Amino acid sequence: MAYGGAGTASTTRQVKLEKESELRIEVANDTPLRLRLLNGTAEIFGTELPPQIWLTFPPHFKFAVFTWYGATIEMDGSTETDYTADETPMVSYVNVHAVLDGRRNQAKASPESAQGPRVIVVGPTDSGKSTLSRMLLSWAAKQGWKPTFVDLDIGQGSITAPGCIAATPIELPIDPVEGISLEMPLVYFYGHTTPSQNVDLYKALVKELAQILERQFTGNAESRASGMVINTMGWIEGVGYELLLHAIDTFNANVVLVLGQEKLFSMLRDVLKSKPNVDVLKLQKSGGVVSRSSKFRQKSRSYRIREYFYGIANDLSPHSNIANFSDLFVYRIGGGPQAPRSALPIGADPVANPLRVAPVNIDRDLLHVVLAVSYAQEPDQIVSSNIAGFIYVTDIDLQRRKITYLSPTSGELPSKYLVMGTLTWLET
Ligand SMILES: Nc1ncnc2c1ncn2[C@@H]1O[C@H](COP(=O)(O)OP(=O)(O)OP(=O)(O)O)[C@@H](O)[C@H]1O
């Protein structure tokens, strides 16, 4: 074999790809797959493959190797499926990229209107939104831009753990295996994986994130001209639709890319007609996008939390820490009534305040909960503060009033204010 270690020669095979075709792969459930580019040029979701270098893809990974001009790929290991497709929407996607690129150049050249394109990608679940966002970001980064990636998908987000909305600048094409490299992502903790749990909180956090980015852009011409790519949730009916409009409005998106649904496209086009500076474009969904069951989604959420603490290749070692109950302050956002019934006019029902920050007693209910570490200085700043990261509660000792938790780093937490949602994890 031309390489050492894992794999057997019998599972090594080559695939020749004609120009503008792609090899679609689902890695087997139990073993990783190794793959390399033997000759030609190819990319994975917008990031070029280095020639000859073996890349290892973990079990379950679903991806495509696309070539513009032809390539030969070598694979080592087993796959759930792999097949070649010569019908892809890639030309239409790269055309969008070219238009965005033109707008970035325009923005850069004219200081008085130096805002680059703000693209928002919308569509039903499994329409390829994250994948298209990723391609647009990687193609832009390859040309030297530093676009901001905003991920509003609290279910299957790709910046950090589930239950968050987040943003990060993309300075290099996104690594095909490791995903987005995180220097200092700006993360807000929503705490749930569906927006219906607390719609007002979701909106409030979207607004906070947009305001901070707006401020950052003011002082940074380069990222302002590079613009943003905003990925959204696949929830597009009812409240989901309302939240899409809210996001388009809040981020001042001026390019709306609608993937895979005619109805959503026509609704958005009609409602955004009054905004002449907003372009609504319909794009074809790729036949390669894999539908994921709710069980699979649940599993991948759990995997994302694991990845936060242990790294994608088990290369991080989180620390187990013990704190006194009195050292940590856990809060929950929303729920509970705003005022006691006795304080309300006779006959009035107490209204739940979705943004109310309430202290949580430390007890066994916190076991296996993922808590966000807030940057808030005071409890009333919790909703408007971003978070430093997460801890995972592994033991509660009621007698000794001690809490044991896993944290990515040793030592003191950056803040004593912790936020609890409904995010739990069972370490296996
Ligand atoms: N051309 C392709 N070939 C093979 N797999 C693909 C292709 N495009 C996307 N995928 C895979 O399909 C899955 C779903 O795609 P993606 O995450 O982009 O969809 P989405 O619309 O963002 O989903 P969500 O419902 O979570 O919002 C992912 O695992 C992705 O890697």
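Is Trp425 buried or exposed, as judged by relative accessibility? At 4% relative accessibility, Trp425 counts as buried, where buried means under 20% relative accessible area, exposed means over 50%, and partly exposed covers the values in between, computed with a 1.4 Å probe on protein chains only. The structure is a predicted model, in which local features need pLDDT of at least 70 and side-chain atom pairs count only at pLDDT 80 or more, whereas totals for chains, interfaces and linings use all residues. Residues are numbered from 1 along each chain as its sequence is written, and side-chain values use heavy atoms, with hydrogens and water left out.

A pair of aromatic rings is described by the distance of the centres and the angle of the planes. Rings of Phe, Tyr and Trp (for Trp, the six-membered ring) were taken as paired if their centres lie within 6.5 Å, with planes under 30 degrees apart counted as stacked, over 60 as edge-to-face and the rest as tilted. By this rule the model contains 13 aromatic pairs. One of them joins Tyr190 and Tyr202 in an edge-to-face arrangement, with 5.7 Å from centre to centre and 90° between the planes. Because Tyr190 lies in the loop between β13 (186–189) and α3 (199–218) while Tyr202 belongs to helix α3, the pair ties together parts that are 12 residues apart in sequence; helices (H or I, at least four residues) and strands (E, at least two) are DSSP runs, numbered from the N terminus. Tyr190 is buried at a relative accessible area of 2%, and Tyr202 is likewise buried, at 3% relative accessibility.

The rings of Phe309 and Trp425 have planes at 10° and centres 5.9 Å apart, so this pair is stacked. It links distant parts of the chain, since Phe309 is in helix α7 (residues 294–310) and Trp425 is in the segment after β23 (417–424), 116 residues apart. Phe309 is buried, with a relative accessible area of 1%. Ring pairs also join Phe309 and Trp425 with Phe189, Tyr308, Phe390 and Tyr392 in a cluster.

Charged groups were also found over aromatic rings, the criterion being that NZ of Lys or CZ of Arg is within 6 Å of the ring centre and within 35 degrees of the ring normal. The charged end of Arg34 sits over the ring of Trp54, 4.8 Å from its centre, and Arg306 lies over the face of Tyr310, at 4.5 Å from the ring centre.

The ligand is surrounded by 22 residues, of which the closest are Lys62, Asp126, Ser130, Thr131 and Arg292; a residue is near a molecule if one of its heavy atoms lies within 4 Å of it. An oxygen atom of the ligand lies 2.9 Å from a polar backbone atom of Ser127, and a backbone N or O atom of Gly128 is 2.9 Å from a ligand oxygen atom. A polar side-chain atom of Arg292 is placed 2.7 Å from an oxygen atom of the ligand. Taken alone the ligand exposes 630 Å², and the protein buries 92% of that, with areas from the Shrake-Rupley method and a 1.4 Å probe.

Backbone geometry was examined at two residues. Asp126 has a positive phi near 50° although it is a residue other than glycine; Asp126 is placed in the loop between β10 (118–122) and α2 and is buried, at 8% relative accessibility. Asn252, also not a glycine, has a positive phi of about 50° and lies in the loop between α5 (239–250) and β15 (255–259).

Conventions:
A polar contact is a pair of N or O atoms within 3.5 Å; within protein, one must be able to donate a hydrogen and the other to accept it, and residues adjacent in sequence count only if both atoms are side-chain atoms.
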